[in-house]
Structures are given as structure tokens and as C-alpha cells.
Amino acid sequence: MDKYQEQPHLLDRHLEGMMNSLLDIIRDSGSPPPLVHLAFKFLYIITKVRGYKRFLPLFPHEVRDLQPVLDMLAKQNPRDPDTWETRYMLLLWLSMICLIPFDLARFDGNLVSMEGQARQPTMDRILEIAKCYLVVSDKARDAAAVLVSKFIVRPDVRQSRMADFLDWVLSMLSKSSSQTMEGTVIVNGMLQALAQLFKHGKREDCLPYAATVLKCLDNCKLSESNQMVLRKLGMKLVQRLGLTFVKPKVAKWRYQRGCRSLAANLQAQGAAVQNQKREVAADEADDDEEYDIPAEIENVVEQLLIGLKDKDTIVRWSAAKGIGRITGRLPKELADDVIGSLLDCFSFQETDNAWHGGCLALAELGRRGLLLPSRISDVVPVMLKALTYDEKRGACSVGSNVRDAACYVCWAFARAYEPAELIPFINHISSALVIAAVFDRDVNCRRAASAAFQENVGRQGTFPHGIDILTAADYFAVGNRVNCYLTISVYIAGFPEYTQPMIDHLVNMKINHWDGVIRELSTKALHNITPQAPEYMANVVLPRLLPLSVGSDLHTRHGAILACAEITHALWYLSCYQSYFLTVCTLIEKLSLSKMPFKGDPIIGGWQWLINDSLRHLTLVSSGARQHIKECAVSALAALCNEFYINERGEADPALQDELVTQYVSELQNAEEMIRCGFSRALGALPRFLLKGRLQQVLEGLKKVTQISPEDVSFAESRRDALIAIAKVCQTVGVKGDGSQEEYVCRDNVDQIYATLLTGVTDYTTDSRGDVGGWVREAAMTSLMEVTLLLVQNEAELINANICKQIMCWLAQQSAEKIDKFRAHAGSVFLTLLHFDHPPVPHIPHREELERIFPRSEKETLNWNAASEAFPRITQLLGLPSYQYHVLLGLSVSVGGLTETTLRYSAQSLFDYMKKIQSDPSALESFCETLLKVFEDNLRNDRVSVPLLTMLDQMLANGCFDMFTEQENHPFPVKLFTLCKEEIKRSKDIRKLRSSIGVFCGLIQFQGDMREKIFFQLFLLLCHPFPIVRKTTASQVYEMLLTYGDVVDVAVLEQVMAILSDTNWEAELPVVRERRNCLCDLLKVPRPQLVIPALPLWTNGIQNQNFFLNICI
């Protein structure tokens, strides 16, 4: 049942059937007591998941059920700790049966039994049972309270027993002390019974006793109890008493947004209606004065207001709901008094508990329409303060619950009011929610603020730039605090409505925060936001920070000094480097294009130095401006070279050429990644006359940048730019088959160029930024296309068949992988090469089949980003031998991936292909050989092997290899088992281990000697050091035996299944190992043995000291 905890309503259609099946066992007189208790235990589990309120009406409640249930209850021992589920369910069942519409006296008959002893009336029996179980300490007490609420309100019981029962309850309350354990249990039961009774009883029946109960409750002084449950039940009872005192009428003065009827809402929509404020009619308001409010209500409201300040959240929440319910039945003036008293909670003399309870109550009042628009101007300032509430306590602070509740208030107001009511406060609320969503220390508050912001954007539609901000600061994005402070905040600060409030919040609330990490992040955020408001930073913020930097508070001084440093640096950088680089490079480019008469002038050397300096200092500029500056510098370099470095003969000065090319190539090995990026792109921009005679040197230098070494494995951006530069260089120098490799792309260097570019397609580097190798693969695919089309248009004979096959196969693999962006790019390049016809690209394998799968007419319309369109096409390439290996490799990552859409469509397309080849043994054998080759080539490569195991599990479960199940010891499953076993050897990757379990279980369907080896391997995993692996193995082996029951002898099958299901596989290893060995004996599988290696002799003569046992599980 655990899997239904989040969506228990899915059980509704099955509840009655499950209940009847279990009740049949209970009603069977032949069922032994342990079985009856087990049935009740199962009923309790179902009730726990779905909730007793939904489950209760399904109990049979016929007259014939009354006596059997009473008899079963009479046989129960109220103090037995092992059968409390039975008593709980019987009491719930009885609470349903006692609703039968017959006087209970009819069931008494002759009250003298056969033995001559007087029998107890049915009414008294039920009442005695309820009283008995109201004072027990287990869950049955809750069911007894439900029984009381259903039983006492019966007309016949109410007349004769209600007063006596309430006297008994109040006397028990008076005599019991909440300071003792036994007294706490009794008080708990009495309070539950009273709360349920006053909730479900009719007002006219309960009103005569309400004042007495309230007086007794006051005498109990539950607010002073240290038991949270008692205080919560007391608060619940107080509000129920308050609701009894006032008439159950809905306040006509309440604010209403929209109508209950959807049709009425749709008819009322329109600009005039949306902007019209709702006014309360005077005659409706006058109706509220038609009845007097009892004096006890003042006491009730006072207790609820005190409850809002309780130290426990659950008590405050109950009090808040009580405030909302009772205020809804009060006249307008009295309700306004309640709101005024509630606003007194929001004083800085009050604790964080009072602020939290006040926020919950405000949200309840707003949600119910009890907070009129006239009060919004008083509430919004309080709400804004609550959104930033943070009180320091020792080495930490309190207030996260207050901020979270304030977000709930904002959420409730978004649903409660028409947009016109909140327009005067929109800027303040939107800014406060954005600040909370981005700058709050706690992730739950950031996410709550993001949800409230989203609700306001959807319901109000008046938040500035709401959709844009939601896209950047959604629920998942705000989960990373560093990302919020340094990235999302910069984007949101770009909208002028939020810039100044965000800066003010950081300066006023965050740079003096008690947490040093928050102070540092805040100052870095100020640095990043400075470009959005440089004048405000210089003229307002810095003068405010300078006095704080010499203040007495250490935290404030630390944050202020850091903030001054970061803002000063940002202002200097803003005025210097970023604008300087862009301005200088643009100036050089325009002067060069203007053909200024500076050829041979020393100033050209200065311009060259400025361009080089821009490329060397890319690390000093922001990541957003980096690409722009790089492009400006490269454009300036190209214009400068073309104008000032070429002589009349169209050649370059040899010395200048040597100096420039050598310098740029040497910078490609710089330790700074951005310098490599800049000079790679610079080499790609050099004109042909500077590359002439130096082509091989440039290509070798760029090739070294594309190679991955341990020192620069994360330099993905430099590898990307180097690959882009190689294509640019090739396009610049041109193609000449018989030419020199120092001047042209020719027969001697074309293979080297392709080898470098093809290496880039295999880059799957990942780091904290994600799949950064994707940038390299994308650049490699683009460069391969550009170089290939260049050769095709000039000398197509330079492209050999093997190179073309590699290009198309790698593109096909990328087109089958999981990331939409890169799959789309690969598919676009693939179709460009396939359908290029000026002239066509030679040596494309299976061109005719490819053109049939990808018609020219669909080249522009096929959406590679959509998995539903891409995978049905790309899986058809599995039938083409040249592409099968690479497509299957790409599909393995997609089918075994985590993205639901990609997984669904890729898996379905693969299974559709497998169905087509089931009748073709040779095609299936070829596919299996390729599959094993993919697995073998990627052993221990977790990027491929882990999703590949997941894919194999799905394929085995879907019967993709059923053709081989009839043949004993078929080589495919044998080889697959060997590879799986090798893959998980000494592995600690839980995902890999769990995927392998599914594969081993799927392999059991194949006949032969391998089955014993599979069982042996699974039994090894049953004693794995990780409990989750043991539990998963047991579960999947159980399912395997249900599916393939013929693999185990029928005589031992039931016993094996029992061991698998009854054993706690998360217990200690010695216990688990004993149960595992029983399975080995039953299935005649050798028991795994502990392997103790020989102990070595240490060279210093000390033998075998502190040597550990290598236990091979």
C-alpha cells in the first residue's frame, strides 16, 4: 500500500472489494484468531493509507451485524499490545453500525438470560465499550471517540444518556492530571470524545452543555500543559464550542471573488467586471445584527488568539483554522475587532511563534473572504515584514517558518481577491516575493515564495514580467542557493521594477547576516547586479556602506567591507575592461575597414597589442559578455590583417607572419582556458596569406587543444573553439588535392583533419555544469559538415569511403541520444549531408534506404527535438548493417535514461523494431551480436553500461529474445550473463547493481546450465553489503519466480517464495546470510563461500599484522 500514499484516491474503486474479502474471513466462524487478527490488521493498513473517513461508509451496517461485532469486542483484551488493530477496526465498524435507524431497545428482547441473570441493554453495552476504550493508550482511543460522536447523537441515546455521558467525561477531566502519564491518556480520550461530539452533534442538542464544558476546559488549564497533543485537542474543542455558541450562518458581509457556478463566472468575465471592486450592500450588512452574540465567544476568541502563540506548529494551525471558522459567523464589527486583535500578534515584542500563528490566521481569513479590502492596507505591510522575518538566536536564527507562512498568505490573497483590489500593493508584493524566492537562506522558503509568485502571476495577472521571471525562477531553479544569488538574481535585476528593491534588501538584510556564506554570496550578488544600476550603487549604496564598514557589529563590518570591495570592483570593471575591450576592438575594426593610411606605421603594432590583450583578459569579463568581446576581437583582427599586413604582391612579411603565428600557436597551450579559446578563434580568423606556409603548424596547434589530458579535462570550451577554428582555417586556405600541406587542404593532410574532428564527436566530458562535452560534439558535427561540403564542392575524391562512413555513423549515433538539443543538431547535419546535391556527398552508406526513411520533402519539417518524431525514424537505421552499431549505442543511452518522454518513445520504437525482426533469425542474430559488441566495448564505462543494463532489462521483460528461449545454452544469453557479471564486479554503484538484477532475472528464461549460475549470482546479491540491493534482489527474484515458475521445482516453490517474502532483507548480514543459504539448499545451488586470501609477509619482518580479510560476497 505504500506506493499509494501520495495518491490514495486511486484505491477507491477497489476498497469495497478488498474490505469484503477480508470481512468474509472475519465472519467465518472457522477462522482461527490469528487469521482474524491478520485480516483486521490488513484492514487497518488500508484505512491508514486512505483515511478512516473515506473507509467508514463502506463497512456493512445491517442489523444482523450489531450483535456479532459487540460479541467480538467483548472478547477483546483492551490492554493487549498485539491486537490493537482488531480493536480499532471493530470500534470503527461499530460506529457505523450504530447509525441503524431503529431504537436500540428493540434489540434487547427479554433482558433475563437463560441462566436467570439480567443482561445489559444494548445501549449500555455500547456506551460501556466506548467508555472503556476512551481511556486506553493505543489507537483504539481515536476510534472510540468516533464511536461516541456517532452514538451519542442518536435520538434515543441523546434523550436518555447524553447528559450522564457528558457528566462522566467532565468528571474524568476534572479528576485527571495532564502531568502524569495515565492522566494524559485519559485527558486525551475525553478531549477527543468531546471534540468529535461537538463537531458532529446538532447545535440545538449540544448548546445546553457548551457553557459547562467550556468552564471545565478553562479549569483544566491545558495551555500550561507540556503535552502538545493535549493543547492541540484543547484548541480544537474550544473552536467547536465557539461554533456551537454562534448560529451556523454564512456571513453576508464576506468578500467573494467569482461565483460557485462556472457558467456564471464565464458570463461575468470582461474588462469592466474584472476591474470593478465589489462593494458590500448595506442591507446585507444590517442582517448580521439580528441576533445576539453570547458572552462566551469572547473567551473562545481569546483562547484561540493565545493558541496562535503556542510553541508547537500543530496547535497554532488548529487555532488559525478556529479563528477563520468563528469569524465567519460573527457580525462585521465583531469580526473586524478579531482582525484588529490578530494584527497585535505582529509586534517585534512578540516571539516568532506569534508571527507564524498570525500569518496562518491571516491566510485563513483571506481564503474565506473574511478579510475585507478595507483591511488590506493594514495587512500588506505586516505581510511584507513577515517575508523577511529573521531573528538571531545564539549562533543561528529563527524565522524560516514565519517566512514560509507569509508566502502562504500571499498565495491565499492571490486566490481571494480581484486584481483591482491588490493593484495598489502589486509592486511591493511582487518585489518581496521575488526577493524571498531568490535570496532566502532556506530552500523551502525560496520554493514557497516561487509558488506564491506563480499563483499571483496566474490568478492576478498584474505582476510585472511575471512569466519571464517564473521561467527563470521556477520550483527547481531556486533549489540551488548559489545559482539563485549569482545567476537568477542578475536576470531578474534586469527588470527595472525589481532592481532597486533587490539591491536594498541585500544591503539592509543580507550583508549583515549571521551566516558568513550568505554574507559572501550577497556581496558577490551585488557585484553581479552593479551593471544594472551603476549610478544607484555609486551615489546611494556605497555612501551607505562606508559607515557600516567601521561599525561595532562584526558581521555588519565584514559584510560591508566585502560589499564595498565587490561594488567598487564592479564599477571599475564596468567603466574599464568590458566597455574598454568592446570599444577598442570595434574602433580598430572600423579604422581598418576605413583603409586609414597607417600601413607601416608603429601604431599598427599598438593595435595588434590591444587585440591580443583583449584575448588574454577574457577571464576578467562576465561570462555573458565574454562571447561578444571574443567575436569583436576576432573581427578586428581579421580587418587589421587584411588591410595592414599584406603587401602589393598579396603576401605577408615573413618575419611578421612568423612572429604572429608562432605567438598565437604558443598561446594555445596556456593554462587559462579562456586564453586558449580566444587565440583558437583568432587563428581561425587569420587570412589566407598569413596561413600560407604555416598551415600544418596551425593545424597541429589546434589539434593539441582538442586532445583531452588530465590537466585540462574540463576545458570543453577551448576544445569547442579549436574545432570551430579548424573548419574556419580549412575554408580560408581552400582545397587543392595535389597541393602542399603547408598551404592547402590536400591529400596529405585531409585524413589528419578528419581524425581531429571525429575525435571531438566522442567527447562526453561532464562536470558541475553538466554535459559540457556536448558543446564539443556540437562544434565537431558542424565542422565536419563544413569541411565535408567544402571538399565535395571542390575535390570530392579526397573524401574516402571509410571517412564518410564514420561521419554518417557518428551522426546517426548522436541523432539517437537523449539530449534533445544535440540530437536535433546531429539530425540536421545528417540530413544536410544526405540531401546535399551540388554535387552529392559520395560514399554515403545505404543512401537509397536513408532517402526512403528520410524523404527530401521532410528535411525541414522533421522535428528532431520531439522524441515522438525522431526515434521512430532513427530506429529504422538498425536494419542497415553500417549504422546498426552506432545507432544501438545511442539508443542504449536514451532507452536506459531518466527523461520520461525520451525513454518512452525511444523504448517503444526499439520494441517495434524488435517485433519486426522476430520472424527473421539472421536479422535477430546480427542484432544480438551487435548488442554484445556494444556492451563489450563499453564495459565499466558507466555513461553507457548503466543505461544499457536498464535497456537490456526492459528488452528481456518485453520478450525481445523469445526466439532463443527454446534452445539450450544459446551463446547470446551465456555471453550476456558473462558481460553483466564482469560489469558489476566490485561495483558500488547502486543504480548499476539494481539494473543488473533485472537483467539476471530476465536471463532465467533461457534454458541450460546457465540457470544455476544465474541463481548463484542472484544469491550473492542477496547478501550484498548494501541493504537496498538485498531488498531489490529479493523483490525481483520473487517476481521472477511468479513469472517463470517452471524454473524451480514445484515441491519447493512455495517454501522459496515464503522465504523471499517473509525475510527482512535489510537486517544484519549474518541473519540474511542464513536465510540465503536456506534458499541455496532448496534450489540445490552451491552456497557462496567466504574467500580468505593468503596473508603476505611484510618486508620489515613483522608478519601478518593488522591484515584485513578480503570477503568476497
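Start by selecting Thr244, which sits in helix H11 (residues 228-245). Helices here are DSSP runs of H or I with at least four residues, strands are E runs of at least two, and both are numbered from the N terminus. You are looking at a predicted model, in which local features need pLDDT of at least 70 and side-chain atom pairs count only at pLDDT 80 or more, while totals for chains, interfaces and linings use all residues. Residues are numbered from 1 along each chain as its sequence is written, and side-chain values use heavy atoms, leaving out hydrogens and water.

Is Thr244 buried or exposed? Thr244 is buried, because its relative accessibility is 5%. (Buried means under 20% relative accessible area, exposed means over 50%, and partly exposed lies in between, with a 1.4 Å probe and protein chains only.) Now show what surrounds Thr244: setting aside residues up to four places away in sequence, Thr244 touches Phe198, Arg203, Cys206, Leu207 and Ala210. A contact means heavy atoms within 4.5 Å.

**Next stop: the cysteines**

A disulfide is a covalent bond between the sulfur atoms of two cysteines. The rule applied here asks for a pair of cysteine sulfur atoms within 2.5 Å, and by that rule the count is zero disulfides. Select Cys216 to see an example: Cys216 is in no disulfide, and the nearest cysteine sulfur, in Cys220, is 4.5 Å away. Cys216 counts as buried, because its relative accessibility is 8%.

Then move to Cys632. Which cysteine sulfur is closest to that of Cys632? The closest is in Cys585, and because the two sulfurs are 6.4 Å apart, they are too far for a bond. Cys632 is buried too, with a relative accessible area of 14%.

**A pair of helices**

Colour helix H16 (residues 313-327) and helix H18 (residues 352-367). Their axes come within 8 Å and cross at roughly 35°; the axes are lines fitted to C-alpha atoms, for helices over the stretch in contact, with angles from 0 to 180 degrees between N-to-C directions. The crossing of H16 and H18 is right-handed, meaning that the near helix is turned clockwise from the far one by less than a right angle.

Show the side chains where they meet. Residues of H16 including Trp317, Ile323 and Gly324 meet residues of H18, among them His356, Leu360 and Glu364. By class, this contact of H16 with H18 holds six nonpolar, six polar and three charged residues. (Ala, Val, Leu, Ile, Met, Phe, Trp, Tyr, Cys and Pro count as nonpolar, Asp, Glu, Lys and Arg as charged, and the others, Gly among them, as polar.)

**On to Ala727**

Ala727 is in helix H36 (residues 716-733). Ala727 is buried, with a relative accessible area of 0%. Leaving aside neighbours within four places in sequence, Ala727 is in contact with Ser783, Glu786 and Val787.

**Last stop: residues 805-992**

An unreviewed UniProt entry annotates residues 805-992 as "domain: Tubulin-folding cofactor D C-terminal". Such annotations may be inferred rather than shown by experiment, and the feature names are shortened and the positions given in the numbering used here. Over this range the chain is 65% helix and 0% strand, and the end C-alpha atoms are 33 Å apart.

Zoom in on the loop between helix H40 (820-835) and helix H41 (847-853), where you will find Pro839. A cis peptide bond joins His838 and Pro839, with omega of about -5°. His843 lies in the loop between H40 and H41, and has a positive phi of about 65° although it is not a glycine. His843 is partly exposed, with a relative accessible area of 43%.
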